[in-house]
Each structure stands twice: as structure tokens, then as C-alpha cells.
Amino acid sequence: MYYTKKSKEAQLHPLISSIIILFVLIISTSIIVTNTPLIYGQTNQTITNADLLNIQDIPAKKVHVGDIDIAYKILGKGDPILLISGGSTGINGWVPSTLKALSSNHTVIVFDTRGIGNSTLGSKAYSIELLANDTAGLLDALNIQKADVLGYSLGSSVAQQFAVMHPEKINSLVLVAATCGGKEGIPPPPQLVKLQSEILNKSLNNITIAPEEIKSLISLSLGTGWLKLHPDSLQNIPKAEDVFAGVPPNTIKGQFSAGKDWMATNWKGVCNELAKIAKPTLVITGTDDNSYTPHANSLIIAGKIPGAWLIQIKDAGHAVISQYPDEINTVLQTFLSTTTNPPS
């Protein structure tokens, strides 16, 4: 496996594993990359089930930030890295092996965003800017001056806004399944927005959601390449009530509105401000993410941030972290070690 800056391509063998969680969640496979100089790396450690870190075993703490209480957990030791989760997920939504790998040499901070899990919703109008300020407030409350920041899906939107609004608080930036929004961002196809709207309305009005609707959401998240390689991926479809479990209706509505407006160009986004981010940046996308966050958005972001690393994972959908955690973990460790301690 190899990574370059800005031109060459490489492919990784596909591995397996899949998770699900509402509008934006699951993860994926094979790899194309970009950035100079040539770096070689392959993980030699096989992580078994016994080695996996169970984040649920770590007690959560709470801290007051602005008008809300934020629930968070801290694990590991080393330079801090803050993880911002996708829509409708929080502390417990991260892949165990990724937490295990990152916490081996970093202090990892995971948290429930506003209105998710054990964090309160507050009374302010839901927006990407609000979530970015919540993130800054959390670091201040924890007395962390600067951190590496990793955002996934909706969390990557928050991470970009956070980097623009609070650049002094960031060491490096990792954006997975991202869009910079606004007029330059590529929105999801109308059929996905329509499907999400219908499911949202049914959920808010206690109308039964058909299993086929949930199956369609999952299919779009996994991508056609993954489904061809793993046709049994859709055998165990969760019930709608399990997908939405623990997420208050107002939070679902707020997140959907924020995410929809961001991707539908109704929000100004940060595309025109990305060139100002003078921080090491890693952008990861699946080449089959054509619905939730069309993968061409990642090419736009990488083209706007000077020196950004771009990794495209072949046959991967929106679910890029959980389907291929070993590849993702190797990429993260390579990027973080190279940018934290760059070669002389």
C-alpha cells in the first residue's frame, strides 16, 4: 500500500465489517490516495475481538458549555485528538478498533453533540456554526488549548467550520465523507433527500416506517461496489425504532435540517475559506459515496486546502470507517505521525 501527495493512486485489499446508524453512518474499502513524498505502511498487528476497546465500559463525564451540558469520555495517553461524530450518533458510535489504535498514542476525546445521547439540546437554533462553537467550548472546558480534530460526515462539516472559526485550537484536521457546502458543494441526489424527509416525517408523527425504507438508506450508505462484494450485507436490517433509539425527535429534525441545508447549498458553507486553513489536513472518501456526501466533494476540499492529503477508497460508500477499519487506522497513524513529527 502506498500514499502520495496529489497524484498517484494505490489500491488496498478490501476487508469487512459494517455498522449502521441513521442518516450518515457505516464504513468502507480499497484505496486511492494522493500527496508527496512517498510513504509506505502496512499494519502488522491483527486486532482480535478480545483486543477491542469497549467505549461503553468507560464512565462518561459531563461539562457545562454555553446553554448545554456535554457528555464526553477520554481514553488513552498522548497528544489530544477530538472526534466529532456523524448525525444521530455520539460517543458509542465509533469503531472500537479505531479508538483502540488512536488511544495507543493519543488522548482521545469523544462526546455526544448537542441533543444526542447524554448531551442536552439547549434552546438555540440548530446550525453548523452552533455545533462548531460547542466544540470550541468543550475544549476550553477541558483546558485543552489545541488538538488534532477528526470529523465524520456531519461531524466533518462541523470540523471544517470549527477550523475556520477557531484555527488556533487545531493542530491537524481529518475529514471523512465530507463536503464544504455552499454553492461549490455537490448536494445529495433529490431521491435521497426525499427518502430522508419521508422517514423523518413518519418518525416525528409515529407512523410506521417500512423495512424497505431503512434498507434503502443502508444500501445508499454502503454503495454499489460494497454490495457486489458482500451481497449478504442487507440480510439483517434493523427495525426503525432501533435506528432512531435514544435520539429525541427535535434533535433528528434539527440535524436533518442542518445537514440538508448544508448539502443543498442553502447554507453558505466554507469552501471559499478553506484556503485559509494552514493546518495539515487528511481527506478520506469512498468512491461509491454518491448519495449521502458525493465523493467529488472531497476532491474539492483537497484542492482548496494547501498540501492536503486525499485518500479515495475504491468500492467504498459513505460508511468508510467501519467497513475497512484496518486500512483507515493505518492511514490515520501514518498521517498523524508524519504531520506531528515530520521527516527532516
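In this predicted model, helix 4 (residues 190–204) packs against helix 5 at an angle of about 140°, and their axes sit 11 Å apart. That angle makes helix 4 oblique to helix 5, since only angles over 145 degrees would count as roughly antiparallel. The crossing of these two helices is left-handed. On the helix 4 side, the residues that touch helix 5 are Leu-192, Leu-195, Gln-196, Glu-198, Ile-199 and Lys-202, and they meet Glu-213, Ser-216, Leu-217 and Leu-220 in helix 5. Sorted by class, that contact comes to five nonpolar, two polar and three charged residues.

Now for helix 5 itself. It covers residues 211–222, 12 residues in total, and spans 16 Å from its first C-alpha to its last, close to the 16 Å expected at 1.5 Å a residue. Its buried residues include Glu-213, Ile-214, Leu-217, Ile-218, Ser-221 and Leu-222. An α-helix has 3.6 residues a turn, so residues three or four places apart point the same way.

Helix 2 brings Ile-128, Glu-129, Leu-131, Ala-132, Asn-133, Thr-135, Ala-136 and Leu-139 to the contact, while helix 3 brings Leu-154, Ser-157, Val-158, Gln-161, Phe-162 and Met-165. By class, this contact has nine nonpolar, four polar and one charged residues.

Note on methods: Residues are numbered from 1 along each chain as its sequence is written. This is a predicted model: local features need pLDDT of at least 70, side-chain atom pairs count only at pLDDT 80 or more; totals for chains, interfaces and linings use all residues. Side-chain values use heavy atoms; hydrogens and water are left out. Helices (H or I, at least four residues) and strands (E, at least two) are DSSP runs, numbered from the N terminus. The expected span of a helix is 1.5 Å times one less than its number of residues. Buried means under 20% relative accessible area, exposed over 50%, partly exposed in between (1.4 Å probe, protein chains only). Axes are lines fitted to C-alpha atoms, for helices over the stretch in contact, and angles run from 0 to 180 degrees between N-to-C directions. Angles under 35 degrees count as roughly parallel, over 145 as roughly antiparallel, 65 to 115 as roughly perpendicular and the rest as oblique. A crossing is left-handed if the near helix is turned anticlockwise from the far one by less than a right angle, and right-handed if clockwise. Contact means heavy atoms within 4.5 Å. Ala, Val, Leu, Ile, Met, Phe, Trp, Tyr, Cys and Pro count as nonpolar, Asp, Glu, Lys and Arg as charged, and the others, Gly among them, as polar.
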